[in-house]
Amino acid sequence: AEKVIGIDFGSTGLKFAEVSIEKGAVTVVRQAYMPLDPGVISAGGIRPENVELVASELKAFLAANKFTSKDAVMGINSAADVYVNRAVTPWHEPKNYQTAVGFDIIADESLLLGAPPEVILDAVVFDEFIDANDKRKVDALLIGVGQKQVDTQLEVLQKAGLNAAGADLAGMASLKASWVANRAPGMLDVLVD
């Protein structure tokens, strides 16, 4: 897209940044914040009974603030809803890089510690190497978020007339990975984009 709206679903409201992309340069066109009534977003996401309300308010807010793009990239509600773990997984010749990473991660679901049963996966790959047994391996930061939460946010975007152009898990994953209090000593991974 030449122009896209980044939407952060926060616990007290929605934050927006509309950016234009021309010749590789990203320019912020406008920013805004739309507060929500307390309780509309809670326990890690939008309550199902509030989907119509949030979508309606979102559509009106974007029009009133002159946001023109219909493409949106959504963030996840909080770092607590994102699951991260750094792991070494098997590797193979990928036809599609992300599909290959996802396939290798799903092959051993225990790698993504504490994640719910239905999870959307992503990964930031740090290194690819051959181990002592001549097996190809990849060293990656695994990132997951519950499918239900993403589906609810997607429903809000669609009902507000927006096209989901993507989701940003890496930003929340970097925040979660840098929470010293929640990580065992010596297990801190810092991800810098």
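Modeller: Along the sequence, the elements follow the pattern β-β-β-β-β-α-β-β-α-β-β-α-β-α. That amounts to 4 helices and 10 strands. The model is a predicted one. Of the 193 residues in the protein, 39% are buried.

Now to the rings. The structure contains 2 aromatic pairs. In one of them, F16 and F61, the ring centres are 5.3 Å apart and the planes stand at 25°; planes under 30 degrees apart count as stacked, so the pair F16 and F61 is stacked. F16 belongs to strand β2 (residues 13-22) and F61 to helix α1 (residues 51-64), so this contact ties together parts that are 45 residues apart in sequence. F16 is buried, its relative accessible area being 4%. F61 has a relative accessibility of 17%, and the limit for buried is under 20%, so F61 counts as buried.

The other pair is made by F16 and F67. Their ring centres are 5.7 Å apart with the planes at 55°, so the pair is tilted. This pair also links distant parts of the chain: F16 sits in strand β2, while F67 lies in the loop between α1 and β6 (71-75), 51 residues away. F67 counts as buried, at 8% relative accessibility. F16, F61 and F67 together form one aromatic cluster.

Charged groups also meet rings here. R30 has its charged end over the ring of F67, 5.8 Å from the ring centre. Elsewhere, the charged end of R86 sits over the ring of F126, at 4.1 Å from its centre.

Strand β2 is part of an open sheet of 5 strands, ordered β3-β2-β1-β6-β10, and the pairing is mixed. The edges are β3 (25-35) and β10 (163-168); each has a single partner strand, so one side of each is left without a neighbour in the sheet. Ignoring direction, neighbouring strands of this sheet are turned by 25° against each other on average. In general, the strands of a sheet pair through backbone hydrogen bonds, in a parallel or an antiparallel way. Here β6 and β10 run parallel and are joined by 5 bridges. A72 stands opposite A164, the latter in β10.

The buried residues of α3 are Q149, V150, T152, Q153, V156 and L157. These residues cover an arc of only 160° around the axis, which puts them on the same side of α3. The face turned away from that buried side carries K148 and Q158, which are exposed. After α3 comes G161, with a positive phi near 85°.

To return to the request, the aromatic cluster consists of F16, F61 and F67. F16 takes part in the stacked pair with F61 and in the tilted pair with F67.

Methods
Residues are numbered from 1 along each chain as its sequence is written. This is a predicted model: local features need pLDDT of at least 70, side-chain atom pairs count only at pLDDT 80 or more; totals for chains, interfaces and linings use all residues. Side-chain values use heavy atoms; hydrogens and water are left out. Rings of Phe, Tyr and Trp (its six-membered ring) pair if their centres lie within 6.5 Å; planes under 30 degrees apart count as stacked, over 60 as edge-to-face and the rest as tilted. Helices (H or I, at least four residues) and strands (E, at least two) are DSSP runs, numbered from the N terminus. Buried means under 20% relative accessible area, exposed over 50%, partly exposed in between (1.4 Å probe, protein chains only). A charge sits over a ring if NZ of Lys or CZ of Arg is within 6 Å of the ring centre and within 35 degrees of the ring normal. The arc is that of the directions from the helix axis to the C-beta atoms. Two strands pair if DSSP finds at least two bridges between them. Axes are lines fitted to C-alpha atoms, for helices over the stretch in contact, and angles run from 0 to 180 degrees between N-to-C directions.
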